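Could you walk me through this structure, step by step and in plain words?

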Amino acid sequence: MSAMALSSSILQCPPHSDISFRFFAHTRTHSPIFFGRRRKLSYIHCSTSSSSTANYQNTIMSQGEGEKVLDCVIVGAGISGLCIAQALSTKHSQSNLNFIVTEAKHRVGGNVTTMESDGYIWEEGPNSFQPSDPVLTMAVDSGLKDDLVLGDPNAPRFVLWNGKLRPVPSKPTDLPFFDLMSFPGKIRAGIGALGLRPPPPPSSYEESVEEFVRRNLGDEVFERLIEPFCSGVYAGDPAKLSMKAAFGKVWTLEQKGGSIIAGTLKTIQERKNNPPPPRDPRLPKPKGQTVGSFRKGLIMLPTAIAARLGSKVKLSWTLSNIDKSLNGEYNLTYQTPDGPVSVRTKAVVMTVPSYIASSLLRPLSDVAADSLSKFYYPPVAAVSLSYPKEAIRPECLIDGELKGFGQLHPRSQGVETLGTIYSSSLFPGRAPPGRTLILSYIGGATNLGILQKSEDELAETVDKDLRKILINPNAKGSRVLGVRVWPKAIPQFLVGHFDLLDAAKAALANAGLKGLFLGGNYVSGVALGRCIEGAYDSASQVVDFLSQYKDK
C-alpha cells in the first residue's frame, strides 16, 4: 500500500458519518448525552411511526419482578446499550440471561435522530455507518437486511483547498493525477511511509495526531487530508487528539513494522497466515469502500432491536442510585412514571456518557468518578438544508448531477462549517424530485462559539459557507429543514485518553466492583460501527463474568 493510498483510505468513509463521513456515532444513552436543542418546526417529526413505538412501550416491573435477581442491567438504550442487549439475545442466546435495558428518555436510540417531513428524510445525529461484518450482523439479526441501503463505492469525496473542491484519491491509480497535494508533498509522504523520516519518540511519550502525521507523512498530508478528517471524525483538534487512541490501527502499523509501509506488509502477512473464520452467509457483500444506512434512516436499527427485546426495554426509567450489597449483587434505584423501582442484578453495564457515569458512580468510587469526569465533549450542530437542484454550481456537477459522499473543510480555508454530506446523493429517497438535501456540521473543539448562536444564525452561517463552495451565490429556494445543537457532542480521544479510561476501570476493580462494566462511545470509539463492535465485546465480558459468578 502506498503512503497516499494509506492516508486517503482514512478518508474512505464519507465526511460526517463520523463527521468525516462517519460522524457522530456516539450513543446518547439513558440520560441525554447532549441535552440538544433543535429548531422548532411544526412540519418536522421523527420517522419512527406510532405503530413502531408501540412495539417497545415501557413495561414497568411488577413488585414480584422487582424482587427477582437479574443477570444484567444495561443502563442506556442508545446504540451501545441496545446492541449489547441484542448480542446477549443472539450471539449468547445459549446463556439464556435474564436482563433489562433501562432508558431515562421516552424513546430508544440515544442521539440517533432521524427526521421525516414533506418527502425528506434527514439525520440530526449520526448520518451513516461503515458496513463492517459486526454492523451487518446486527442489522440482519434485527430483521433489517432488506432495508439496508449502501452508498456508491465509486462516489468521490472532496476536500476544500484554495477555493476549490478537490477529489481525494480512492485507488492507487488516482495518485499521480489528484491535485490536492503537490508533487513534493507526495514524495515526502511516500518516503516517510517507507521509514525515511525522523525517528519515533521514546515509548513513554504519547504523540498527538498532528505530531505523528507530520513526522511520518509530512506537512501536506496533515494539513490537506488528516486535519480535515479529524474535524470530521471527532470535531476535534489534531494537536490534542492522541494518535494511539484516536487512530490506533494506523499507530500500530509503525509499532509493528518500524514504518507504516512495513507494518502494513506485516499485517497483510499475518492475515494470510491466520485467515479469519468463514463469513456468515446471511450477510450481504458490500462492493468497495462505502457507507450504509437504512431505507427510512438510522432510527430503524434501534427501533427494530427494541421491538425484538419487547418488555426488556424500560423507557422513562431514570437511574438515581447504585449500591452494592455484601453478597455481591447490585441494587439499582430508578424513578419511573409509576414511582420508585428497585432492581437487583449480578452485573451492570453503564453505556451512558462518561460525565453521567461519573455522577452515578461517585458514591461507589471517587477515583473512578474523577477519571470519568475528565473526558471532554465539545459542542457540534447538525444543519440540514435543501436547495433546488439547479442551485448547485455547474463545476460541482458530474454528468449533470451532484455526485459524491460530501466534502471536508480544513480549518485554514476560511469557512466555519466542518464538512458537508450530500445526503440525497448518498442514499435513495432522501429528498423530493428536483431538490437536493445537504447535511452540514459546524462547531467542535476549535469553535465553541456555536453555543452563543441561535439556530437561525447557525443555518445562515452554513448557507453562507455553502454559497462560497457548492451553491450558486444568488440561488433562491433554499429551505432549512432542521438545526440540532448538541452542547456535549463527541468525546475527544485526547492524549492520555487510555490512561484515564484505565484509571477508571482500575478504580472500579480496586473498589471491589466486579461485574460493573463501562461501555459506550468513549470506550469503544466514536463511530456508530465502533459502538456496535464494542457492544459485542461488552456482551462477551458480561457472559464471561456471569459464568465465573455461577461457578462460585
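Let's begin with Lys346 and Asp71, whose side chains meet in a salt bridge with an N to O distance of 3.3 Å. A salt bridge here is a side-chain nitrogen of Lys or Arg within 4 Å of a carboxyl oxygen of Asp or Glu. Lys346 belongs to strand 14 (residues 339-350) and Asp71 to strand 3 (residues 69-75), so this pair ties together parts that are 275 residues apart in sequence. Helices (H or I, at least four residues) and strands (E, at least two) are DSSP runs, numbered from the N terminus. Both Lys346 and Asp71 are buried. Buried means under 20% relative accessible area, exposed means over 50%, and partly exposed lies in between (1.4 Å probe, protein chains only).

A word on what you are looking at: this is a predicted model, in which local features need pLDDT of at least 70 and side-chain atom pairs count only at pLDDT 80 or more, while totals for chains, interfaces and linings use all residues. Residues are numbered from 1 along each chain as its sequence is written, and side-chain values use heavy atoms, with hydrogens and water left out.

Across the whole structure, a search finds 28 salt bridges. Another of them joins Glu254 and Arg215, at 2.8 Å from N to O. Glu254 sits in helix 10 (residues 248-257) and Arg215 in helix 7 (residues 209-217), so the pair ties together parts that are 39 residues apart in sequence. Glu254 counts as buried, with 5% relative accessibility, and Arg215 counts as buried too, at 9%. These two residues also take part in a network of salt bridges that links Arg197, Glu207, Arg215 and Glu254.

Now back to helix 10, where Val250, Leu253 and Glu254 are buried. Seen down the axis of helix 10, its buried residues fall within an arc of 90°, so they line one face of the helix. The arc is that of the directions from the helix axis to the C-beta atoms. Just after helix 10 comes Gly258, with a positive phi of about 90°.

Which residues of helix 6 are buried? They are Gly185, Lys186, Ala189, Gly192 and Ala193. These residues cover an arc of only 135° around the axis, which puts them on the same side of helix 6. On the other side of helix 6, Phe183 and Pro184 are exposed. At the start of helix 6, a side-chain oxygen of Ser182 comes to within 3.1 Å of the backbone nitrogen of Gly185. Gly195, which follows helix 6, has a positive phi near 115°.

Leu196 lies in the loop between helix 6 (183-193) and helix 7, and Leu196 is exposed, with a relative accessible area of 62%.

Finally, look at His497, found in helix 17 (residues 497-510). Is His497 buried or exposed? At 2% relative accessibility, His497 counts as buried. Leaving aside residues up to four places away in sequence, His497 touches Ala245, Phe375, Gln492 and Tyr522, where contact means heavy atoms within 4.5 Å.

How values were computed
A polar contact is a pair of N or O atoms within 3.5 Å; within protein, one must be able to donate a hydrogen and the other to accept it, and residues adjacent in sequence count only if both atoms are side-chain atoms.
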